[in-house]
Amino acid sequence: MRTKAFFLVLALMLSSTASPAWAQQGKSITLSMLAGYKEDVLRASLPEFEKKTGIKVVVDASPFGDLYKKQLLSLSTGGRYDVLFMDEPWIAPLSEFLLPLNERMKSLDLADFVPTTVASGAFQGTQYAVPVDPNVQLLVYRKDLFEQKGLKPPTTWDELLAAAKAFHDPSKQQYGIAITASSDIQTALYMLLAIWSYGGELVDNGRGSLNSAAGKKGGEVFLELLKFTPPNVKSYNFADVNKAIQLGQAAMAIQWASGARPMEDKTRSSVAGKLGYALVPKAVRQTPMRGVWTIAIAKNSANQDAAWQFATWLSGKEFGQAAVKFPSATSAIHSPRFSVLKDAGTKATLPYADTLLASLQITKERPRLREYADIQENLRVTAGKLTAGELTLEAALKEIDAGTNRILGK
Amino acid sequence: MAAGGAGRWFLLPGLAFLFTIDLIPLVYSAWVSFYNWWLIRPRDVRFVGLDNYVRLGVDPEFNRAVVVTTLFTAGAVALEFLAGLGLALLFAQPFRFLRPIRVLLLLPLFVVPVVGATMWRVIFHPEVGVLNHYLTTFGLGHPPWLSDPTWALVSITLVDAWRTIPFMFLVIYAGLEVLPAELFEAAAVDGASAWQSFRHITVPLLTYIMLLAVLIRGMDAFREFDIIFVLTGGGPGTATQTIQILNYRAFGLGHMGQANAIGIVTLVLVAVMCFVLMRAILRPRGAAQA
């Protein structure tokens with residue numbers, strides 16, 4: 001009898017170290033999630049995950065502007081999150097507090113992931129996060145208007161400027177292109193996109209390097225483009241760019257892929273079905289900006305196995321397909337998997353799926369530096385000063401570089 | 001004597017409470033402000049003395065934020081005070097539907113600042129906003145409420161006024177309600193005009209009440225964050241970038257020393273503002289009495 005009891009206890013001990021799926025039954029993990037924007041899609045599928053695994057997921061959602069701040073405070077003070085939905089530029093700054101996933105990643109079917117999306121979760125050779133929702137900037141244009149004028153969608157910045165000029169007619173409330181020119185982060189990213197295309201870099205050899213011939217050319221093109229935007233773009237944010245397209249006011253927009261889904265929603269968009277999608281324009285190179293949403297696990301989490309199970313489910317094919325079908329007007333989660341992006345059903349639902357995949361394959365990442373959050377904030381503030389007329393282009397580029405060097409201790 | 005001594009002990013719970021929730025965090029905040037503490041580098045926390053304060057002093061962005069904060073505070077409080085006083089004087093006269101209108105007037109006070117600001121962001125919206133729709137209909141143009149630096153400062157001031165004029169009104173109205181009626185009756189018998197009654201009876205008797213209202217609102221406006229953050233985020237450029245927006249940024253990026261230094265500087269500036277305001281308002285009255 002005692003021998004039987006001994007073996008029973010031994011078997012239980014061994015099984016708990018092996019941690020099979022059923023061992024996670026009854027566990028609860030806390031997720032830090034982006035509010036509203038992607039949250040709806042997640043919540044719609046979450047009961048299925050909870051039922052299948054027995055793991056309860058407590059969702060703590062925050063709006064985009066607060067998410068990094070909340071994650072930083074929580075992680076650095078040994079806070080309560082087990083698993084975190086993170087924008088890729090935050091991985092380097094927060095890597096200190098994240099669980100390395102290199103070993104665990106081997107269990108995934110990595111060949112099914114678009115390679116650049118996997119790279120978005122890595123920093124200095126260590127994988128800290130799994131890609132969930134690949135985002136990239138696209139050029140959105142009105143197919144019907146381009147056909148009427150007999151124009152082809154622009155492929156270069158010069159062609160983009162010419163097209164924006166051709167469609168710009170403020171007297172009819174018709175504007176060439178919708179982008180932001182406010183103090184919003186999108187403004188800085190539009191400017192950076194143009195500068196990248198002309199060969200400029202935000203950080204090169206460890207120093208701020210926007211104040212270059214390429215930086216000036218890209219900056220000039222960005223400022224020139226603002227002449228063909230709707231009035232009041234100085235107060236625009238991400239959603240306003242969408243609105244300008246949905247209301248049929250803008251002939252083109254440069255927008256993240258996640259914004260394209262609401263543009264195709266017939267209940268909200270007067271131009272649904274009339275839109276075409278192309279790669280962002282090029283100059284000396286083509287550099288669609290990458291912004292992959294990833295899932296990471298806190299290093300101090302007591303529920304790392306359950307968190308990993310959640311991460312694999314969220315980056316999985318099943319969730320990716322469910323997200324495509326989710327009838328959302330404001331949210332969009334795209335899968336990082338070839339099998340989902342190339343699927344006929346996906347292409348039928350998301351008219352921009354091909355462009356998204358093509359962009360992802362040549363996408364450019366923002367500098368992978370621990371100080372990047374500060375560098376991007378410096379870029380945001382100074383780009384806002386430029387568009388508000390507080391600084392000339394040259395002064396703005398110098399100020400961005402000076403700020404970057406100060407942050408990097410150079 | 002014994003009762004007085006015992007009475008002091010009754011202060012103890014209150015003092016202990018204040019000490020715990022105010023003084024300890026304040027001292028800790030001041031202590032942190034002497035450190036270089038960046039949350040993403042937890043192993044590199046260094047004592048830097050007054051470095052964080054020196055940096056703020058020479059930072060043009062911070063100095064500009066002090067100017068913007070002062071302009072916003074002065075504009076908002078002046079507007080709110082004048083409107084609140086005007087409404088209080090109006091409501092001091094009996095008229096029909098006074099009570100329901102008074103309740104309606106107080107409604108903005110109960111709106112959560114973030115919700116109110118979000119609502120105004122939609123109202124100010126250049127394309128879908130109701131304000132510009134009607135202004136255009138009546139041929140009054142379509143001001144760039146949030147996209148022009150000057151208009152943006154005006155807009156945040158107006159929204160702050162919308163939210164807090166009811167507070168000014170409430171405080172001043174309460175003061176007016178308890179003024180002794182016989183003084184006004186005597187003045188009327190002596191042939192004083194309405195303006196003379198207001199200037200020589202109402203204003204002197206209400207000075208402390210008005211000072212209190214202005215001080216509370218002044219401190220509040222100087223620390224205003226929600227409305228500005230939601231409406232403009234500090235933009236366009238740095239047109240509405242107040243000290244609190246900078247503080248939020250510093251905290252958000254994990255610069256704890258710098259953020260706490262900004263907090264302490266805010267405290268000092270608010271204290272100086274209150275001191276100057278009290279001296280400016282109370283001095284003539286003291287001199288006259290002397």
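**View 1. Two domains of chain A in a predicted model.** In this predicted model, 27 Å separate the centres of domain 1 and domain 2 of chain A, taken over C-alpha atoms. Domain 1 of chain A covers 22–135 + 291–357, and domain 2 of chain A covers 137–289 + 371–407. Where the two meet, 16 residues of domain 1 of chain A are in contact with 18 residues of domain 2 of chain A. On the domain 1 side, α4 (91–94) and α17 (353–362) of chain A each supply at least two residues. How do the residues on this side of domain 1 of chain A divide into nonpolar, polar and charged? There are 10 nonpolar and 6 polar residues, and no charged ones.

**View 2. Where chain A touches chain B.** Here we turn to the contact between chains, which takes 25 residues from chain A and 21 residues from chain B. Look for α3 (64–76), α4 and α18 (372–387) of chain A, each of which supplies at least two residues of the side that touches chain B. The largest share of that side, 6 residues, comes from α18(A). By type, the chain A side is made up of 7 nonpolar, 8 polar and 10 charged residues.

**View 3. Strand β12 of chain A and its two faces.** Strand β7 (residues 137–142) of chain A pairs with β12(A) in the antiparallel sense, over 4 bridges. A handy landmark is A:R142, which stands opposite A:L275 in β12(A).

**View 4. Strand β6 of chain A, enclosed.** Next comes strand β6 (residues 129–133) of chain A, where 5 of the 5 residues are buried, so the strand is largely enclosed by the rest of the structure. Its antiparallel pairing with strand β13 (residues 293–297) of chain A runs over 4 bridges. Within this pair, A:A129 stands opposite A:A296 in β13(A).

**View 5. The largest nonpolar core, around A:A253.** In soluble globular proteins, nonpolar side chains tend to be buried together. The largest nonpolar core in this model has 177 residues, and those with the most contacts inside it are A:V140, A:I177 and A:A253. Domain 1 and domain 2 of chain A each give at least three residues to this core. Zoom in on A:A253: leaving aside its neighbours within four places in sequence, what is A:A253 in contact with? Its partners are A:V140, A:I177, A:A178, A:I179, A:V241, A:A244 and A:I245.

Methods. Residues are numbered from 1 along each chain as its sequence is written. Chains are lettered from A and ligands numbered from 1 in the order in which they are written. This is a predicted model: local features need pLDDT of at least 70, side-chain atom pairs count only at pLDDT 80 or more; totals for chains, interfaces and linings use all residues. Two strands pair if DSSP finds at least two bridges between them. Domain bounds come from an automatic or database domain assignment. Two residues are in contact if their C-beta atoms, placed from the backbone, lie within 7 Å. Ala, Val, Leu, Ile, Met, Phe, Trp, Tyr, Cys and Pro count as nonpolar, Asp, Glu, Lys and Arg as charged, and the others, Gly among them, as polar. A residue is buried if 20 or more other C-beta atoms lie within 10 Å of its own, exposed if 12 or fewer, and partly exposed in between; C-beta atoms are placed from the backbone. A nonpolar core is a set of buried Ala, Val, Leu, Ile, Met, Phe, Trp, Tyr and Cys residues joined through C-beta atoms within 7 Å.
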